[in-house]
Amino acid sequence: MLPLILEDLTFAARGRTIIDRVSCEFTPGPRTVILGPNGAGKSVLMRLCHGLLAPTAGRVVWRGGRDERRPRAQAMVFQRPVMLRRSAIGNVTYGLKLAGVAHAERNRRAQQVLDAVGLRAAAHEPARILSGGEQQKLALARAWALEPEVLFLDEPTANLDPGATREVETIVGEIHASGTKIVMTTHNLGQARRLGDEILFINAGRLAERAPVERFFAQPSTAEAASFIKGELPWN
Amino acid sequence: MGDIGSAFGEAANLILALDRTLYGIVLLSLQVSLTAVAAATAIGLPLGAALAIRRFPGRPVLLVTINALMGLPPVVAGLLVYLLLSRAGPLGTLGLLFTPTAMVFAQTILVIPIVAGLSRQVLEDAWHEYEEQLRSLGATPAAAATTLLWDTRHSLVTVVLAGFGRAAAEVGAVMIVGGNIDGVTRVMTTTISLEASKGDLPLALGLGIILVAVVFAINAAAQIIKSAAVRRYG
Amino acid sequence: MELRRLFARTACLVLALALAPSALAQRFIILASTTSTEQSGLFRNILPAFEQKTGIEVRVVALGTGQALDLARRGDADVVLVHARAAEERFLAEGHGVQRFAVMYNDFVLIGPKADPAGIRGGTDTLDALRKIKGANAPFVSRGDGSGTHIAEVDLWKMAGVDIGSEKGPWYLETGQGMGPALNTASSLSAYLLADRGTWIAFRNRGDLEILVAGDQRLMNQYGVMLVNPEKHPNVKRADGQAFVDWLVSAEGQRAIADYKIGGEQLFFPNAGQPGA
């Protein structure tokens, strides 16, 4: 499915341009972190890539430019996890059922990912009564069980306490290690440093800078990136 | 006040006397209204789901129409069904006039807008919460609708109970299409109407108390089932 | 389009279930009659004998006279039993009925408050009584619903020399409802009204009302029965309907009618075969 190519991607709504002619390529391998201030358009960009929004102009193309259809082998974890009114394991098998996985295999895979994220004991609890951190781990498990080629994460730890944040970051690392491409947004510099291999810096809807993580933080080549890192960029 | 007091007495007498006619009438009332609600739910819930999820030209008009039809006067619905089922009408050869089936038909028409209109609102609110996640997981509109219906089941039970209340309470439609035939199409509401028109107000009110008690019992049963389910599934 | 197909299939299934013919294999006919007749309790009393004898269930749809005849005009009834001679003759003339047979008569009574402001108590001349009521501007409740009773009432006014349609005043109250509600209204307003004896005897909410004038020949209320014409309405159950008509005018049916009493009082007087009835 990869590489994923964005060509002059533009998105406007209610008279405002939110994403402004963004072009780039996502290749398998490196963990990509999309960084930027609040209101820069990171979430919208993620949704355009994932296929939840249709661009106003430009294209989102998979397979190196050959396939405009939205592929199935991708998943997304949102800032606020949406849990169905059923058990934790039920939430996981729900996604597997949609993907056409057979019944026995569904349960096996669901148990496996729940173990991997540390939710074995809560498997049969109603998902809605789990804590915020547990629900986000469940969301990750649900996505992981689908064995996606690409996992998009939209500010997955913005609402979590430090302990839960650490657990989520560990799990993201494990998912990456199992062969999934990670594309994640955050406005937390520390997290970007810990989890990213490359940084895409978005500001005011434009792709301002793209660099490997170390070089981005040590020597940002744009003034906007520099002031963002120093914490001086105004809130949009 | 004396009438109301004697009404409770009448109600008690009827129940204690194990009046067979009374039980027959209560049973028929429940059969007709519950069947109508089941049919209306089978039609109204998918309709509500479709309206909640899909956007199409004319949708606003359809929404307003369904909401307005929640207030369709039962006697009007009864007249329309009567004209359809009358021997002089298009479906006359079915011979359904003055049967319980005709009554079910008329009440179903009354309840569908309630189930569709109210469930549409419930499902639309749920869709706002669920849409991104369900589409992300690759759910088709049909799969999404089914999931929404299941996840909002507690609210939908209330919607169905509202529909049942409408059916069990109405007299205009069943009177016209059923004919209030003694022993065949006489239900609680038409009996109450008949006794009131005969001047026997305490008996009419007593029957009214029994009807309210039956509907209350059904609502209570639904609540108990709902609570048990919430305890189990959250 | 899974959703639409699922929806369409469910709807078809439900409609099929709802429209499926009733499981009852019961033989029955539909008898259109009037609310006052049914509320008198006559049918509950005499029909079981017929049903026992023939196995035919008589299902009574009770409406106002005009509505009952209209029901039959649409072919929705097999037999009609009402008490409005002129309307019945018109029904026959239009070809909707086969033949009219006299069955029975009951009578109307002029009801009023104990206080009797118009002073009509004990009289035997209905027309005189009505003139007195109008003269006293005493409240009078009319059914005003085009029923047999209402038509009879209007005719009585006419015979008394009053064109009630144009001469009515605020004392004349048209309820547009059945006998029961009209009696309720009269009871709560202590007003006069014309009622059939059967409904009056069964009526429980009398207040201070009582019978003031009765027995006048003009107050006799004749019932006629007709089989709805199968030539015009092929669905009519000719054999079973005719069986019922025959039974009503037979010795057995006529005796059943005479035997029906409330509180020892006979309500209906069988007169099948009486010339001119």
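This is a predicted model: local features need pLDDT of at least 70, side-chain atom pairs count only at pLDDT 80 or more; totals for chains, interfaces and linings use all residues.
Trainee: Let us start with chain A. At what angle do the axes of H3(A) and H4(A) cross?

Mentor: The axes of helix H3 (residues 103-117) and helix H4 (residues 132-145) of chain A cross at roughly 135 degrees and come within 9 Å. H3(A) and H4(A) are therefore oblique to each other.

Trainee: Which hand does the crossing of H3(A) and H4(A) have, left or right?

Mentor: H3(A) passes H4(A) in a right-handed crossing.

Trainee: And which residues make the contact?

Mentor: On H3(A) they are A:Arg109, A:Ala110, A:Val113, A:Leu114 and A:Val117. H4(A) contributes A:Lys137, A:Leu140, A:Ala141, A:Trp144 and A:Ala145. By class, this contact of H3(A) with H4(A) has eight nonpolar, two charged and no polar residues.

Trainee: Moving to chain B, how do H5(B) and H6(B) cross?

Mentor: Their axes come within 10 Å and cross at roughly 125 degrees. That angle makes H5(B) oblique to H6(B). H5(B) passes H6(B) in a right-handed crossing.

Trainee: Which residues of H5(B) and H6(B) meet there?

Mentor: B:Leu123, B:Ala126, B:Trp127, B:Tyr130 and B:Leu134 in H5(B) meet B:Ala144, B:Thr147, B:Leu148 and B:Asp151 in H6(B). Classified by type, the contact of H5(B) with H6(B) has seven nonpolar residues, one polar and one charged.

Trainee: What about chains B and C: how many residues does each put into the contact?

Mentor: Chain B provides 32 residues and chain C provides 31 residues. On the side of chain B that touches chain C, helix H2 (20-53), helix H5 (100-136) and helix H6 (141-151) of chain B each supply at least two residues. H2(B) gives the largest share of that side, six residues.

Trainee: How does that side of chain B divide by class?

Mentor: The side of chain B that touches chain C divides into 19 nonpolar, nine polar and four charged residues.

Trainee: Now chain C itself. Where are its domains?

Mentor: Domain 1 of chain C covers 27-106 + 222-270, and domain 2 covers 107-219. Taken over C-alpha atoms, 26 Å separate the centres of the two domains of chain C.

How values were computed:
Residues are numbered from 1 along each chain as its sequence is written. Chains are lettered from A and ligands numbered from 1 in the order in which they are written. Axes are lines fitted to C-alpha atoms, for helices over the stretch in contact, and angles run from 0 to 180 degrees between N-to-C directions. Helices (H or I, at least four residues) and strands (E, at least two) are DSSP runs, numbered from the N terminus. Angles under 35 degrees count as roughly parallel, over 145 as roughly antiparallel, 65 to 115 as roughly perpendicular and the rest as oblique. A crossing is left-handed if the near helix is turned anticlockwise from the far one by less than a right angle, and right-handed if clockwise. Two residues are in contact if their C-beta atoms, placed from the backbone, lie within 7 Å. Ala, Val, Leu, Ile, Met, Phe, Trp, Tyr, Cys and Pro count as nonpolar, Asp, Glu, Lys and Arg as charged, and the others, Gly among them, as polar. Domain bounds come from an automatic or database domain assignment.
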